[in-house]
Amino acid sequence: MARDRYRRSARGNRWGLAVVGAVLLAAGLAALAVGQGLFGADPAGRPLLGGTAQGVLNQQWVPYVAVAVAFVAAFLALRWLMSQGVQDTIRRLSLEGGGEGRVLVDEDVVSDVVENEITDYPGVRRARAHLTESVHHPHLRLALMLDEDADVAQVWQRVRANALVDLRRSLGLEEVPAVVRMSMTAPTRHTRRSLA
């Protein structure tokens, strides 16, 4: 399931960031302790890099290696950032067809039908629908923008009784788990007018 994959990814992110943070914190605390003389005056008075390290850093190939390492680190960081922004919206649904075949339906088509139906409900200004999780067992994410005077309970009842039932029936599924987020539009501000 896609949900398990995203949970593993989130868990890996948390553990990775925790390990990197712990290593950097330990290195910083150790450097602070050495600099403050907690391990004696001799380590605190030594140069940071000894003669051997200075000799290696003076080699001509060191800047090239540093640039290569920086490029690899930047590539990995960019890849990690891009993977954080990947949405779990599926592109196509795989439905049971008659006989031995399968029917593939674009997610955009199904989402547009749901959005158009719900936008016609009284009090609904805008609807955004996305199918997520699995091509065989999709979940619905629905974001509704309601008018400030909309009856929220009535909109929810219509979504549950009509839109979700129609979606399950059209996809031939017994259930389509849904997350519905409703928000209200801000009331229009009336500008004060003064008589001249």
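Ile118 is found in helix H5, where helices (H or I, at least four residues) and strands (E, at least two) are DSSP runs numbered from the N terminus. At 0% relative accessibility, Ile118 counts as buried; buried means under 20% relative accessible area, exposed over 50%, and partly exposed in between, with a 1.4 Å probe and protein chains only.

A quick word on the ground rules. This is a predicted model, in which local features need pLDDT of at least 70 and side-chain atom pairs count only at pLDDT 80 or more, while totals for chains, interfaces and linings use all residues. Residues are numbered from 1 along each chain as its sequence is written, and side-chain values use heavy atoms, with hydrogens and water left out.

**Overall layout**

The protein chain has six helices and five strands. Follow the sequence and the pattern reads α-α-α-α-β-β-α-β-β-α-β. Of the 196 residues in the protein chain, 21% are buried.

**The H5 and H6 pair**

How do H5 and H6 pack? Helix H5 (residues 107-119) and helix H6 (residues 152-171) pack at an angle of about 155°, and their axes are 11 Å apart. That makes H5 roughly antiparallel to H6. For the bookkeeping, axes are lines fitted to C-alpha atoms, for helices over the stretch in contact, and angles run from 0 to 180 degrees between N-to-C directions. Angles under 35 degrees count as roughly parallel, over 145 as roughly antiparallel, 65 to 115 as roughly perpendicular, and the rest as oblique. The crossing of H5 and H6 is right-handed, meaning that the near helix is turned clockwise from the far one by less than a right angle.

Leu167 lies in helix H6. With a relative accessible area of 3%, Leu167 is buried.

**Salt bridges**

Side chains of opposite charge can pair when their charged atoms come close. The cut-off used here is a side-chain nitrogen of Lys or Arg within 4 Å of a carboxyl oxygen of Asp or Glu. How many salt bridges does a search of the whole structure find? There are two.

In one of them, the side chains of Arg125 and Asp147 meet at 3.1 Å, N to O. This pair links distant parts of the chain: Arg125 belongs to strand S3 (residues 124-132), while Asp147 is in the loop between strand S4 (139-146) and H6, 22 residues apart. Asp147 is partly exposed, at 21% relative accessible area.

Asp166 forms a salt bridge with Arg169, and here the closest N and O atoms are 3.3 Å apart. Being three residues apart in helix H6, Asp166 and Arg169 are separated by about one helical turn. Asp166 is partly exposed at 29% relative accessible area, whereas Arg169 is exposed at 61%.

**Some C-alpha separations**

Two further residues are worth a look. Leu104 lies in strand S2 (residues 102-106) and counts as exposed, at 57% relative accessibility. Asp151 is found in the loop between S4 and H6 and is partly exposed, with a relative accessible area of 43%. Their pairings are listed here with the ones already mentioned.

| C-alpha pair | Apart along the chain | C-alpha separation |
|---|---|---|
| Leu104 and Leu93 | eleven residues | 5.5 Å |
| Asp151 and Val124 | 27 residues | 9.5 Å |

**A nonpolar patch**

Which residues form a nonpolar patch on the surface? Val56, Trp61, Tyr64, Val65 and Val69 do, with about 540 Å² of accessible area together. Patches are made of residues with over 30% relative accessible area and no salt bridge, joining like charges within 9 Å and nonpolar side chains (Val, Leu, Ile, Met, Phe, Trp, Tyr) within 5 Å. Accessible areas come from the Shrake-Rupley method with a 1.4 Å probe, and for residues only the protein chains shown count as cover.

Helix H4 (residues 62-84) gives the largest share of the nonpolar patch, three residues. Tyr64 is found in helix H4 and is exposed, with a relative accessible area of 64%.
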